[in-house]
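Subject: Structure handover

Hello,

Here is the structure for your files. My notes on it follow below.

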Amino acid sequence: MTKEIKVKDLNTDKFISEKVAEIVASVGNGTAINALSGGVDSSVVTMIGHKALGKKLRTVFIQNGLMREGEAEKVAGYFKKMGVTVEIIDARKEFLEALSWITDPEEKREAITQTFYKSVFGRIVRESGARYLLQGTILTDVDETVAGIKRQHNVFAQLGIDPQDTFGYHILEPLIQLRKDGVRMTGKALGLPEELFNRIPFPGPALAARIIGEVTQEKLDIVRKATSIVEKLLAGSGAFQYMAILHDDRVTGMCDGKRDFGRQIEVRCWDSIDARTATPTRLSFDILEKIASSILKSVPGVVSVTYNIATKPPSTIEAV
Ligand code: XMP
């Protein structure tokens, strides 16, 4: 049983120095590797790992082509300012190929997971010679695995490392006693920029969770652009999460004075405490109009913008 550290008992300086010491003791003269996604958990792990190991830690950011506009460069830039080198691995083609022809939501998620672990990160870990893998697992992940909400992960099997060969490989999970609030507090104490430890939730499958039907380069470009507009205009809304979703249907619109089939974007903005239930935020019509006109003006091919007013349940927060 992992012993939880509650926020009220968390002394971040003490926690950070204990974890740094544990990593130093485990890795010794070896080398370690970790994948940074820009989410709060992997960002905090990267910083703790860097404090402990400096150049003996290799941090990779896998550019899967499914992220927000400029995300890889932005995250790597934040870390550069803090003295941490982040290697961006361009795997866009591999992910897009793995996703081609897939329309089923679960198959989409599976293709992304498999491509991440088996093809891309697995290959990097195997080739790196690093024997220590730093992971941002938190206590909630453990609970959800036990409850069957998340799948039990045998990380080495996922990485395509033969169990016979796992001898000598070690996983280090410095955040496993914390929940999200504790991780955020630790991120703040580590000096991470607010943008990294206080972001709205973003799903692992990224923009692929917001494209209904097959994920293609064209659809990714549309949803990415619309996402950036929605995030910019709703940044001050105080809502729990907001997003743009690209529908698979085409709807009739006018293009250069002619009737044409165009794309349809659905805007969602949620009030929620823990994402288990959620209600649509009562945005003003003014802001909705601003979002619609900005999307129609800046995202080619879109002729319809709608706002979701259903609650979760029965809806989910993401569309896929
Ligand atoms: P749903 O769509 O299930 O989302 O109502 C609940 C919360 O979880 C996020 N989400 C994910 N996060 N991997 C993640 O790391 C995923 O596959 C995933 N799917 C949904 C979603 O953004 C929301 O905050």
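Is C269 buried or exposed? C269 is buried, because its relative accessibility is 1%, where buried means under 20% relative accessible area, exposed over 50%, and partly exposed in between (1.4 Å probe, protein chains only). C255, at 37%, counts as partly exposed. There are zero disulfides in the structure, a disulfide being a pair of cysteine sulfur atoms within 2.5 Å.

Before the rest, some notes on the source. This is a predicted model, in which local features need pLDDT of at least 70 and side-chain atom pairs count only at pLDDT 80 or more, while totals for chains, interfaces and linings use all residues. Residues are numbered from 1 along each chain as its sequence is written, and side-chain values use heavy atoms, with hydrogens and water left out.

The sheet

Five strands form an open sheet with parallel pairing, in the order β3-β2-β1-β4-β5. Helices (H or I, at least four residues) and strands (E, at least two) are DSSP runs numbered from the N terminus, and two strands pair if DSSP finds at least two bridges between them. At the edges stand β3 (86–90) and β5 (170–172), each with a single partner strand, so one side of each has no neighbour in the sheet. From one strand to the next the twist averages 30 degrees; axes are lines fitted to C-alpha atoms, for helices over the stretch in contact, and angles run from 0 to 180 degrees between N-to-C directions.

Strands β1 (residues 32–35) and β4 (residues 132–134) run parallel and are joined by two bridges. A32 has Y132 in β4 as its bridge partner. Helix α5 (residues 105–128) packs on the sheet and touches β1, β2 (57–63), β3 and β4, contact meaning heavy atoms within 4.5 Å. The direction of α5 makes about 155 degrees with that of β2.

β2 and β3 also run parallel, with five bridges between them. V60 stands opposite E87 in β3.

Helix α8

In helix α8 (residues 180–189) the buried residues are G182, V183, T186 and G187. They lie on the same side of α8, because they cover an arc of only 140 degrees around the axis, taken from the directions from the helix axis to the C-beta atoms. Their cover includes α1 (12–27), α2 (40–53) and α9 (194–197). After α8 comes G191, with a positive phi near 85 degrees.

Regards
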